[in-house]
Amino acid sequence: MSSPSQVQPIDAAYVLEADRGHHLDPLNMWVFDSGSGTPPTAAEITEHFRRRAPIFAQLNRRFVDVPGHLDHAYWVADDPPIEQRIVHDERVGLDWTALLDVLGGLAAAALDARETAWRIDVFHDVRDVPGTTTPATVVVFRGNHSLISGPLVHPLWEAFFGTGTEPVHFPGLGPMVPRVNRVLAAARGIARAPRAAVRYIRTMRAALRDAKELQAAGATGSAPLRDLTSTGLNHDPGDRRTLLVLRLGPAGPLPRGFTVTALALTVVSVALQRYLTEVDGQCPPDLTAFATLAVGAAPESLGINRIGWTDVALHPGIDSLPARAAAVQASLVEGREAATAATLRRLTDATSIPSFVLPMELAANRRRLESRTSPRMHTVLTSIRVGNTTSWAMAGRPLLFGAGCPPLTSEATLIHGLFGLGDDLTLTVITSPDIMPDTQRYATLLREAFAEVVSEVRPQG
């Protein structure tokens, strides 16, 4: 790329996939409790974001294509009045269940990063929010995945509601330009195309050669993913979305070396095994989750989405919960070790993809997925720790809890998002009524599994 303001291929892919009808935009939400005080007015909330606008100014951009994909797209400054980014929903006084239905609709709708890469929806006087005795204010952020991914969640939350006064750094988000001449950009892309094609061919040949050598040597993680048993979860989710938000609270002390991510995967293992047994009559012995992986060693120059995944065996055949939890933890550790280097290599190689090849790469990848006769996973877990947020607030009202909602795909149709605010855990679930008609039953199973697993794995004495 000739300019650091150009969008990296791993980020641009999310915009191009949305063009094909497969939007992958995440959703973040925060709940503010006014307690015995007065809830914030729309004017107070808008003013809060106006005052903090310099702190999150790096987000104010939009995606600008180069005609014919002759060069990589650019991030161009987009700084409208804050009132144009904030929508105060007219449905005042929704209860918590009704709000989640509304959020499911928002999660199903794509944002066009060419028009606006992010927006905020505010819901006033929401009743029956878990952990509140009075109506709460709920703020919802939707951002295009080319702009927001898991590693940017903490900076995003801090920029909006933290106590700092300096601009927040969003790792991987490069500079933007005030404007771009698309004709000149296309001409520059044409001039660079031969050299870009040669670099791409060399990179792909080297990647293929190294993959064959690793597989021949039996290196961990080099073998192709195994075929898994198909379940009722493994079909197209359609266009509708269902959202659950479960406040789990603190997990308490855990065994040495046993992570909160492994705890959540064990909870999912138990709950999903019981759900599938009730609905399908059986749970597959090879029940598997994808766990997302943030690659801390990846240079920021690679882009926003410096993430990967590893497959984790959920071991439904192990009846003892402590033994199952230990097996899940071992699978997670082994998978992460194998996946980290491979993910870093994949992210680095992706920078060589020429702009004119990227749409073809994405189409080919989708054809490969659609041609599979068995699934690669049954569910997904994203685990994010935001840190200590006790002093964070909006318009003087304290943050009670927050959560996020990763996007569904045609392959990943039941996704869990675990968010830790300090020690307080919140679990989100997004799926589709076409995949899971009775989400309330699954919510009950998750709560029961959390209580059981925490009790069983908690250190004694």
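Begin at the largest cavity, whose lining divides by class into six nonpolar, three polar and two charged residues; here Ala, Val, Leu, Ile, Met, Phe, Trp, Tyr, Cys and Pro count as nonpolar, Asp, Glu, Lys and Arg as charged, and the others, Gly among them, as polar. Before you select anything, keep in mind that this is a predicted model, in which local features need pLDDT of at least 70 and side-chain atom pairs count only at pLDDT 80 or more, while totals for chains, interfaces and linings use all residues. Residues are numbered from 1 along each chain as its sequence is written, and side-chain values use heavy atoms, with hydrogens and water left out.

**First stop: the largest cavity**

Select A12, L16, F63, D65, V66, H69, D71, H72, A73, S355 and L358, which line the largest cavity. A cavity is a set of points, on a 1 Å grid over the protein atoms alone, where a 1.4 Å probe fits but cannot get out, and lining residues have an atom within 4 Å of a point. The volume of this cavity is about 70 Å³, where grid points are joined across faces, edges and corners and a volume is the space filled by probe spheres set on the points. Counted in this way, there are three cavities of 30 Å³ or more.

**Second stop: helix 1 and helix 8**

Now select residues 9-19, which form helix 1, and residues 358-371, which form helix 8; helices are DSSP runs (H or I, at least four residues), as strands are (E, at least two), numbered from the N terminus. The axes of these two helices come within 10 Å and cross at roughly 70°, an axis being a line fitted to C-alpha atoms, for helices over the stretch in contact, with angles running from 0 to 180 degrees between N-to-C directions. Helix 1 and helix 8 are therefore roughly perpendicular to each other (65 to 115 degrees, whereas angles under 35 count as roughly parallel, over 145 as roughly antiparallel and the rest as oblique). To see where they touch, with heavy atoms within 4.5 Å, show P9, A12, A13, L16 and E17 of helix 1 together with L358, P359, L362 and R366 of helix 8.

Move on to L248, L263, A264, V267, L418, L425, L427 and F450, the lining of the second largest cavity, which has a volume of about 50 Å³. Which element gives the most to this lining? Helix 6 does, with three residues, and both helix 6 (260-280) and strand 14 (424-431) supply at least two residues each. By class, this lining has eight nonpolar, no polar and no charged residues.

Finally, select helix 7 (residues 321-350) with helix 9 (residues 439-457), whose axes come within 9 Å and cross at roughly 90°. The contact is made by L321, P322 and A325 of helix 7 and by E452, V453, E456 and V457 of helix 9, with five nonpolar, no polar and two charged residues.

How values were computed: On a 1 Å grid over the protein atoms alone, a cavity is a set of points where a 1.4 Å probe fits but cannot get out, and a pocket is an open set with protein on both sides within 12 Å along at least five of seven lines; lining residues have an atom within 4 Å of a point.
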